[in-house]
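Open the model in your viewer and keep the selection tool ready. This tour tells you what to select next and what is there.

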Amino acid sequence: MTLQLNKDKLLAASAPVIWGSSYIVTTELLPDLSPLTVAALRALPAGLLMLAITRNLPTRDWWGKLLVLGALNFSIFWAALFVAAYRLPGGVAATLGAVQPLFVLFLASVLLGTSLTARGVAAAVTGMLGVALLVLGPNAGLDATGTLAALIGAGSMATGVVLTRLWQPPVSALTFTAWQLTAGGLLLLPVAVWVDPPLPSLTLSHLTGLVWLSVIGAALTYVFWFRAIERLGPAAITSLGFLSPLSAVLLGWILLGQTLSAWQILGAGIVLVSVWAGQKSRKPKRA
């Protein structure tokens with residue numbers, strides 16, 4: 001069982017590591033595409049592809065819950081994320097988003113009866129400090145709309161993560177992910193059509209970026225993430241989310257030649273310690 005738990009945690013950890021590539025993929029391969037359009041094209045094709053593979057549609061009594069989950073985990077979260085990214089410096093947006101693990105811990109204690117430990121809270125707060133050191137620049141500033149959007153995004157996904165554990169249909173993680181991605185994509189599509197300008201002719205770079213974000217950055221990673229939520233519980237994996245900004249910074253350093261300051265290196269170390277402490281803060285039981 002210990003070996004399986006470690007495997008589940010490793011696969012779950014790979015999700016935020018891959019999500020950290022979203023920034024560099026978007027800026028380098030999709031710089032001229034509009035954010036909500038990218039979000040819709042990330043979610044809907046992945047969901048439809050997975051539905052075609054699983055050939056398992058939800059029953060009518062699940063439609064309402066799936067719309068809620070799709071909105072929380074994808075539609076609202078990604079829309080708020082993009083608003084924050086446009087209104088705030090990237091470091092500020094990432095730091096505000098790092099409050100999500102704290103939200104998850106408190107929501108899980110209320111809705112799931114999960115123990116709220118001092119060590120778990122300390123790990124979440126320490127992780128936020130590490131992210132701040134990792135990504136905040138000297139010219140970081142706050143914008144009211146961007147700040148609110150970042151906090152809404154963090155709260156949206158935190159609620160979605162906990163409800164994903166609370167509402168568990170008798171299907172595989174692959175099928176459950178397909179349902180949520182499709183629901184989220186269907187909710188995003190009309191908003192993107194209404195708000196964003198028309199989609200330009202897609203180049204090979206566009207297609208490469210969209211395939212990566214959709215197939216790898218959505219379909220594959222969210223199967224791992226939702227599977228871990230089911231097996232380990234939200235509180236057991238929430239600290240893994242700190243790996244996303246760490247991955248983004250390291251990819252910028254490796255692929256774009258960006259520099260790393262001593263403060264950023266310290267922040268990276270703190271993030272890794274907080275992730276380790278978050279995993280040690282409780283012993284999750286398999287569902």
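## The whole chain

From the N terminus on, the elements of the protein chain run α-α-α-α-α-α-α-α-α-α-α-α-α. That is 13 helices and zero strands. Helices (H or I, at least four residues) and strands (E, at least two) are DSSP runs, numbered from the N terminus.

This is a predicted model, where local features need pLDDT of at least 70, side-chain atom pairs count only at pLDDT 80 or more, and totals for chains, interfaces and linings use all residues. Residues are numbered from 1 along each chain as its sequence is written, and side-chain values use heavy atoms, with hydrogens and water left out.

Color the chain by pLDDT, the predictor's confidence in each residue, from 0 to 100. The mean pLDDT of the protein chain is 86, and 90% of its residues reach 70 or more. Now select helix 5 (residues 90-97): confidence in the chain is lowest here, at a mean of 67. Then select helix 9 (residues 173-195), where confidence is highest, at 94.

How many of the 287 residues count as buried? The share is 51%. Buried means under 20% relative accessible area, exposed means over 50%, and partly exposed lies in between (1.4 Å probe, protein chains only).

Contacts come next; a contact means heavy atoms within 4.5 Å. Take contacts between residues at least 6 apart in sequence: 90% of them join residues at least 24 apart.

Two packed helices are described by the angle between their axes and the distance between the axes. Axes are lines fitted to C-alpha atoms, for helices over the stretch in contact, and angles run from 0 to 180 degrees between N-to-C directions.

**Stop one.** Select helix 2 (22-29) and helix 10 (residues 204-232). Their axes come within 9 Å and cross at roughly 165°. Helix 2 and helix 10 are therefore roughly antiparallel to each other. Angles over 145 degrees count as roughly antiparallel, under 35 as roughly parallel, 65 to 115 as roughly perpendicular and the rest as oblique. The crossing of helix 2 and helix 10 is left-handed. A crossing is left-handed if the near helix is turned anticlockwise from the far one by less than a right angle, and right-handed if clockwise.

Show the side chains. Helix 2 brings Ser 22, Val 25, Thr 26 and Leu 29 to the contact, and helix 10 brings Ser 205, His 206, Thr 208, Gly 209, Trp 212 and Leu 213. By class, four of these residues are nonpolar, six are polar and none is charged. Here Ala, Val, Leu, Ile, Met, Phe, Trp, Tyr, Cys and Pro count as nonpolar, Asp, Glu, Lys and Arg as charged, and the others, Gly among them, as polar.

**Stop two.** From helix 3, Val 38, Leu 41, Arg 42, Pro 45, Ala 46 and Met 50 meet Leu 210, Leu 213, Ser 214, Gly 217, Ala 218, Ala 219 and Val 223 in helix 10. The contact of helix 3 with helix 10 has 10 nonpolar residues, two polar and one charged.

**Stop three.** Move to helix 6 (residues 100-111) and helix 8 (residues 144-166). They pack at about 40°, with their axes 9 Å apart. That makes helix 6 oblique to helix 8. Helix 6 passes helix 8 in a right-handed crossing. Highlight the contact residues, including Phe 103 and Leu 107 of helix 6 and Ala 158 and Val 162 of helix 8. The contact has 12 nonpolar, three polar and no charged residues.

## Single residues

**Ser 34.** Look in the loop between helix 2 and helix 3. Is Ser 34 buried or exposed? With a relative accessible area of 16%, Ser 34 is buried. Leaving out residues up to four places away in sequence, Ser 34 touches Asp 196 and Pro 197.

**Arg 55.** Go to the loop between helix 3 and helix 4 (63-87). Arg 55 is exposed, at 76% relative accessible area. Most residues other than glycine have a negative phi. Phi of Arg 55 is near 50°, a positive value.

**Ala 248.** Find this residue in helix 12 (residues 243-255). Ala 248 counts as partly exposed, at 28% relative accessibility. Now select Ile 24 as well: Ala 248 and Ile 24 are 224 residues apart in sequence, yet 7.4 Å apart in space, C-alpha to C-alpha.
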